[in-house]
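Student: I have the sequence and the structure open. Please take one part and go through it closely.

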Amino acid sequence: LSNPVITPNGDGARESTTVSLVLSQFSADVEVGIAIYDLSGRLVRELIAAPRSSGAYGDDWDGRDGNGGLVPPGLYLCRVWVSADSQTFERTQLIGVAY
């Protein structure tokens, strides 16, 4: 994550965070998912759920939910997963939202 805490209040500082992902060990396209959840496990927004080829990627989250509204301040979970062959690789990190 480029910013572990974002402040999407329109002042131009820390408005979003970039979720960086490098796919380098796969010979074919793999399924990739990046999603934001609240602490109760409810899906807030899905950033990507699609096949991707090898390369470097950066997907931004701007503190908005799936309907385009700003989320309440608090902690959120960013879940990144890559499904290749018969194995799924997964990582989850916290993102703070403050106003």
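Tutor: Let's take strand β3, residues 30-38. Bear in mind that this is a predicted model. Start with its two partners. β3 pairs with strand β4, residues 43-52, in the antiparallel sense. Eight bridges hold that pairing. For a landmark, find Glu31, which stands opposite Pro51 in β4. The two strands form a hairpin, with four residues between them. Look in the turn for Gly41, whose phi is positive, about 95°.

Now turn to strand β6, residues 74-84. β3 and β6 also run antiparallel, and eight bridges join them. Here the landmark is Tyr37, which stands opposite Leu77 in β6.

How many residues of β3 are buried? Eight of the nine are. Buried means under 20% relative accessible area. The strand is therefore largely enclosed by the rest of the structure.

Asp59 lies in strand β5, residues 55-61. Setting aside neighbours within four places in sequence, Asp59 touches Ile34, Ile48 and Arg52, along with Thr17, Thr18 and Val19. Ile34 falls within the span of β3, residues 30-38. Ile48 and Arg52 fall within the span of β4, residues 43-52. Asp59 and Arg52 also make a polar contact through their side chains, at 3.0 Å. Is Asp59 buried or exposed? Asp59 counts as buried, because its relative accessibility is 13%, and the cut-off is under 20%.

Definitions and conventions. Residues numbered from 1 in each chain as written. Predicted model: local features only at pLDDT ≥ 70, side-chain atom pairs only at ≥ 80, totals over all residues. Heavy atoms only, no water. Buried < 20%, exposed > 50% of the residue type's maximum accessible area, 1.4 Å probe, protein only. Polar contact = N/O pair within 3.5 Å; in protein donor to acceptor, adjacent residues only side chain to side chain. Contact = heavy atoms within 4.5 Å. Pairing = 2+ DSSP bridges.
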